[in-house]
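Thanks for coming, everyone. Have a look at what I'm putting up on the screen, and then we'll walk through it together.

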Amino acid sequence: MTEDAVPGRELYSDEFAADPYPTFARLRTDRPVCPVSGRFDQYLITRFDDARVALTDPRLSKDLYGPGQHYLRIFGPNSAGLNRNMLNADPPEHTRLRRIVSQAFAPRRIEALRPRVARIVDDLLDKVLPHGRSELMHDFAIPLPMTVICELLGIPPADHGRVLDWTQVIRTSGSSGRSAEEERAAVQDAQLRLHHYLADLVRAKRARPDDDLIGALIAACDDDAALSEAEVVATTFLLLFAGHQTTADFLGNAVLALLTHPEQLELLRTTPQLLPSAIEELLRFDGPLPVASPRIATEDVEYPGGTVPRGAIVGVVINAANHDPAHFADPDRLDIRRVRGPHLGFGHGVHYCLGVSLARMEAQIGLGALLRRLPGLRLAVPAAEVRRLPAASPFRGLLELPVTF
Ligand code: HEM
């Protein structure tokens, strides 16, 4: 790392957690390709044009398990093979790993889930309605996508609670007030337990096949030898995590953005047909995955905004790119009627979000029902007091969203 790298602890301040967009604007202007030191050193890319190219640049590898063993720097020595899935692989490995699950996420298959998702949404809202108040992350934003992905994978209902507990330890890491060492130990423990749980579940389902997504992965393993058992477990882990974490944080961020922009909320209430475009705008405005997953420069890579040296880890800052005024007029304004240009909230290129149709459907049904059934929805605390995930978290989301209605 160069000597003029920005120390991560300076960048990821409390003000940054509350509102990272002024910092992103500064980086875009002053150091659009910026070395940052921290738990692992990386180069952040913040301009839209550079970011879009970087997300599809073959010189930036996603293979964290190949030469260089970069996963050790990024996930730590105890992550075993849990992250050895499509997200951390290049073609042709990536193509093989993605092809097996891509059918299950095709728009037509996802559309068939609509009635079940609507039922889950209604059940969750039925529970909160009589109370007149709710902590929406706990009562709604987290359990909605969690229940959907658990059911899709075939995780037995009796186990949803503990799976949720482990994933929440990982998601909220850094916010418990414990020492960094204790936090790391808690995350490793949760990850290990989840790993053992998923490995046992896959073994049990291999003995007694089920008609669910894990069953389909096992069939690919047993019938065509297209996947190893370890790959079935790692793919299940990715789908479980990617399938609920981002959607939960998106729902929380979206509701907060609407409640703090009452004219946009009112517009959406009175013009519900704007919901699909509102969801894209809310994702652009404050997305749940501020930085795309790590990439490795296989050679010195030059972008108009600067150069990334060979061997460096690269973080493409999706949320900075999505606020680039070169691409979005008045980018810090929430405007659910905005039509200009596709955002990078679901990524770009071969790693483009596999669950995009599911995420959009959950958001449409979830937000639609929330606005319809809780017409008096408002924040129960001042917006500045809403507790967020720590600034250095790879995710942008809320710890709590207290509301009344
Ligand atoms: C990949 C965003 C929901 C599964 C990605 C990427 C982004 C993203 C930005 C690309 C990461 C990269 O290139 O480094 C989101 C957002 C969501 C969401 C904002 C919700 C609002 C979902 C859901 C699933 C899912 C519901 C369902 C399982 C995946 C998978 C990948 C992925 C498997 C890896 C694809 C690959 O490597 O080929 N997502 N996602 N996502 N997403 Fe999503």
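This is a predicted model: local features need pLDDT of at least 70, side-chain atom pairs count only at pLDDT 80 or more; totals for chains, interfaces and linings use all residues.

Residues are numbered from 1 along each chain as its sequence is written. Helices (H or I, at least four residues) and strands (E, at least two) are DSSP runs, numbered from the N terminus.

Back to the question. The axes of helix 12 (residues 180-207) and helix 13 (residues 213-222) come within 10 Å, and they cross at roughly 70°. Axes here are lines fitted to C-alpha atoms, for helices over the stretch in contact, with angles running from 0 to 180 degrees between N-to-C directions. Helix 12 and helix 13 are therefore roughly perpendicular to each other. For the cut-offs, under 35 degrees is roughly parallel, over 145 is roughly antiparallel, 65 to 115 is roughly perpendicular, and the rest is oblique. On the helix 12 side the contact uses Leu201, Val202, Lys205 and Arg206, and helix 13 brings Ile214, Gly215 and Ile218. Contact means that the C-beta atoms, placed from the backbone, lie within 7 Å. By class, that contact has 4 nonpolar, 1 polar and 2 charged residues. The classes go like this: Ala, Val, Leu, Ile, Met, Phe, Trp, Tyr, Cys and Pro are nonpolar, Asp, Glu, Lys and Arg are charged, and the others, Gly among them, are polar.

Next pair: helix 8 (residues 114-128) and helix 10 (residues 143-153). They pack at about 140°, with axes 10 Å apart. That makes helix 8 oblique to helix 10. Val117, Ile120, Val121 and Leu124 of helix 8 meet Pro143, Leu144, Thr147 and Val148 of helix 10. That contact comes out at 7 nonpolar, 1 polar and no charged residues.

Now on to helix 14 (residues 229-259) and helix 18 (residues 356-373), whose axes are 11 Å apart and which pack at about 40°. Helix 14 and helix 18 are therefore oblique to each other, and their crossing is right-handed. Helix 14 puts in Thr247, Phe250, Leu251, Ala254 and Val255, facing Ala359, Glu362, Ala363, Gly366, Leu367 and Leu370 of helix 18. The tally for this contact is 8 nonpolar, 2 polar and 1 charged residues.

How many residues surround the ligand? There are 28, and the closest are Gly243, Ser293, Gly347, Cys353 and Gly355. A residue counts as near if its C-beta atom, placed from the backbone, lies within 6 Å. Helix 14 and helix 18 each supply at least two residues of that shell, and helix 14 gives the most, with 7 residues. By class, the shell has 18 nonpolar, 9 polar and 1 charged residues.

Two strands pair if DSSP finds at least two bridges between them. Strand 1 pairs with strand 2 (residues 33-37) in the parallel sense over 2 bridges, with Val6 opposite Val36. Strand 2 and strand 3 are antiparallel over 4 bridges, and here Val36 stands opposite Gln42. A hairpin through 4 residues joins strand 2 to strand 3.

Pro91 and Pro92 are joined by a cis peptide bond, omega about 5°; Pro92 is in the loop between helix 5 and helix 6. And Gln69, not a glycine, has a positive phi of about 45°, in the loop between strand 4 and helix 5.

Methods. A crossing is left-handed if the near helix is turned anticlockwise from the far one by less than a right angle, and right-handed if clockwise. Two residues are in contact if their C-beta atoms, placed from the backbone, lie within 7 Å.
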